[in-house]
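Please read them with the structure open.

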Amino acid sequence: MIQTMGLTKEFNGFRAVDNLNLRVERGDIYGFLGPNGAGKSTTIMMLLGLIPPTSGKIYLLGEELNPRNVAIKRKIGVVSENQYFYKEMTAQEYLAFFGELYQVPNVEKRIDNLLEAVGLKNDRNKKVGAYSKGMQQKLAFARALLHDPELLILDEPVANLDPTSIKQIRDLIEEENRLGRTIFVSSHLLSEVERLCKKVAIINRGRLLAEDTMENIKRRLTDTVVLEIEVDRDITGLEQEFESLPFVKHALLQGHHLEVELKTDRDYRIELSRFLYEKGFLVLSMKTKEMSLEEAFITITQQNVSLLTRGEENHEKA
Amino acid sequence: MGRSRVLRTLFKRDFLYTLYSFGYYGALFASFLVSSFILKNFLDATREEDILVSAFPLNYPLYLTLIIISLYLVIVSAISISREREQGTLEVLFYGPVTSSSFLWSKYLKDLSLGILALGFTALYFYIVSALTNLGFTGGLVRALIMGVFLISCVVSFGLFISSLTGRIRNSIITLIAVLGAFLAIQFVYNMLLGIEKESLSPSMLYLRQATAYVFHAINWVSPFAYLSRGLDSVVLENWTLYLTHALYCVIYSLVFVFLSIYAMGKKGVKA
């Protein structure tokens with residue numbers, strides 16, 4: 001759906017995007033992450049044909065990007081980080097204008113459905129200039145979906161929204177994805193990306209550091225397994241005994257709860273259960289503590305860790 | 001088909017937006033007010049002298065009206081692209097099926113249509129003036145009004161070119177004033193040096209006069225207001241060949257500047 005090959009953008013000698021290779025498959029919800037100034041917005045501007053790359057190629061919907069090819073642009077919906085409107089128009093007029101631009105069939109009905117979906121139906125005749133930031137964001141969403149695009153590019157889609165609106169938009173994104181739309185999301189709200197996205201790419205200083213499924217990224221970053229265990233009685237004071245076990249790296253005991261860091265060469269859960277049983281404790285629950293996307297993101301970007309395989313890195317360099 | 005639909009949609013929104021704004025009617029009112037003032041003085045003088053000798057008595061007020069309408073349109077077109085850049089709406093349009101070419105042509109046609117509509121109001125105004133004062137609504141006046149369409153085309157395409165180069169409204173206005181000011185300054189210096197006898201000029205001043213003459217002649221091809229003066233001169237001279245040649249020059253000028261604007265807009269991009 002989206003593929004970039006060696007995508008590079010330089011501004012007066014400064015390399016904002018450096019040899020970027022992305023691959024977004026049809027039907028993905030793809031998270032595009034990076035700290036401020038990482039090159040996310042520049043990449044998106046290039047994907048939309050608004051700025052030309054210094055070098056490299058972009059393929060959208062199977063065709064090489066040509067900014068003059070409006071047929072491709074008709075298949076893409078965009079919600080940008082900052083919202084820009086003709087503020088003298090009402091929401092209804094604004095959507096009707098874009099409906100006419102994109103030649104949307106049965107546009108009145110489509111506008112009705114979208115305004116209802118984003119919760120703006122009762123404000124349709126208000127001037128857009130009188131809308132709150134959150135309402136404007138929702139209207140931008142309605143505009144992006146108006147022409148039934150195959151690909152949605154969302155740059156910080158829930159940045160200005162309250163929790164209720166965030167849920168509304170998240171549900172809408174998931175629904176649109178279920179309907180077959182491919183969704184490319186760039187966001188700072190990692191918790192949202194974690195909930196929504198199947199696959200993520202992390203860039204820093206213009207370079208791609210990781211591109212994989214969420215699970216794979218977390219797994220590749222983790223060299224220990226941490227188990228969270230709950231037992232039937234107070235376990236405090238047994239730290240030394242735990243740490244004397246050959247497969248335990250570190251143990252933290254507090255009341256009925258234990259957090260045990262294990263070696264990763266194999267699964268030690270049976271040995272740990274047996275040890276607790278021998279000490280007279282009943283295990284009430286045991287689960288693996290997962291690394292959050294936020295932790296993975298911080299590890300990758302702050303330490304500039306590349307999770308690309310050697311093959312992928314060679315491809316990047318090539 | 002798709003492209004013409006895009007152009008029509010952009011044109012309609014923009015045209016109606018300007019038509020519902022105060023500025024357009026303000027400019028028309030100002031132009032008719034100035035013309036009325038000139039005509040009143042003209043009629044007062046005629047009453048006092050008891051004689052009027054003029055082949056085209058309404059031409060001078062019409063010239064002033066055209067100047068004011070042209071000034072309004074050059075400003076409107078000079079900020080039309082930069083305003084959308086500054087407000088970010090240009091970026092949103094370019095997410096979709098809008099290209100530099102369709103956007104520029106829609107702006108050009110919108111401003112030209114506003115100009116033609118203004119000329120229609122001007123014709124009506126002068127028709128009423130003619131009926132009230134018995135000053136003839138002559139064929140020359142009609143020809144001047146038709147020439148006005150070509151002149152407005154030049155003014156609009158020039159304004160769009162300025163706008164395509166600038167990212168903000170303020171910069172567009174400053175650039176426009178600077179360019180038109182430079183044109184006027186060069187014209188002033190040229191006329192001043194031309195008024196001095198050749199014998200009394202030093203060699204360096206002679207060189208300056210020659211250089212200014214070259215620049216002045218170049219400006220005559222670049223400044224849209226030079227086309228305005230020459231076009232109306234051709235009406236007064238009643239020379240059809242000259243009239244049609246000027247109309248053709250205006251068409252070529254407009255096409256060159258619209259295409260330059262499309263190129264400049266592509267280079268400058270959508271961001272302010």
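**Notes on the model**

1. Start with S186(A). Leaving out residues up to four places away in sequence, S186(A) touches F32(A), K40(A), I44(A), L154(A), D155(A), E156(A) and P157(A). Contact here means heavy atoms within 4.5 Å. S186(A) sits in strand β9 (residues 182-186) of chain A. S186(A) is buried, at 0% relative accessibility. Buried means under 20% relative accessible area, exposed over 50%, and partly exposed in between, with a 1.4 Å probe and protein chains only. Helices (H or I, at least four residues) and strands (E, at least two) are DSSP runs, numbered from the N terminus.

2. A word on the basis. This is a predicted model: local features need pLDDT of at least 70, side-chain atom pairs count only at pLDDT 80 or more, and totals for chains, interfaces and linings use all residues. Residues are numbered from 1 along each chain as its sequence is written, chains are lettered from A and ligands numbered from 1 in the order in which they are written, and side-chain values use heavy atoms, with hydrogens and water left out.

3. Chain A overall. Chain A has 12 helices and 15 strands. Its C-alpha atoms fill a box of roughly 75 × 50 × 30 Å along the principal axes. Of its 318 residues, 51% count as buried. Take the contacts in chain A between residues at least 6 apart in sequence: 68% of them join residues at least 24 apart.

4. The open sheet in chain A. Four strands line up in the order β13-β14-β12-β15, with antiparallel pairing. Strands β13 (248-254) and β15 (283-289) of chain A are at the edges; each has a single partner strand, so one side of each lacks a neighbour in the sheet. From one strand to the next, the twist averages 20°. For such angles, axes are lines fitted to C-alpha atoms (for helices over the stretch in contact), and angles run from 0 to 180 degrees between N-to-C directions. Strands count as paired if DSSP finds at least two bridges between them. Strand β12 (residues 225-231) of chain A and β15(A) run antiparallel and are joined by six bridges. E230(A) has S285(A) in β15(A) as its bridge partner.

5. The hairpin. Strands β10(A) and β11(A) form a hairpin with two residues between them. In the turn, R205(A) has a positive phi of about 50°. Six bridges join β10 (residues 199-204) of chain A to β11(A), and the two run antiparallel. K199(A) stands opposite T213(A) in β11(A). Five of the seven residues of β11 (residues 207-213) of chain A are buried, so this strand is largely enclosed by the rest of the structure.

6. Helix α1 of chain B. Helix α1 (residues 2-19) of chain B has 18 residues and reaches 26 Å from its first C-alpha to its last. That is close to the 26 Å expected at 1.5 Å a residue, taken as 1.5 Å times one less than the number of residues. Its buried residues include V6(B), L10(B), D14(B) and F15(B). Among the elements covering the buried residues of α1(B) are α3 (91-101) of chain A and α5 (100-133) of chain B.

7. K110(B) deserves a look. K110(B) is in helix α5 of chain B. K110(B) is buried, with a relative accessible area of 1%. Beyond its neighbours within four places in sequence, K110(B) is in contact with F11(B), D14(B), F15(B), T18(B) and V76(B).

8. Aromatic pairs. Rings of Phe, Tyr and Trp (its six-membered ring) pair if their centres lie within 6.5 Å; planes under 30 degrees apart are stacked, over 60 edge-to-face, and the rest tilted. F161(B) and F257(B) are edge-to-face, 5.5 Å centre to centre with 85° between the planes. F161(B) lies in α6 (residues 139-165) and F257(B) in α10 (residues 240-268) of chain B, so the pair ties together parts 96 residues apart in sequence. Y190(B) and F216(B) are stacked, at 4.4 Å and 15°. Both Y190(B) and F216(B) are buried.

9. Cysteines. A disulfide is a pair of cysteine sulfur atoms within 2.5 Å. The count over all chains is zero.
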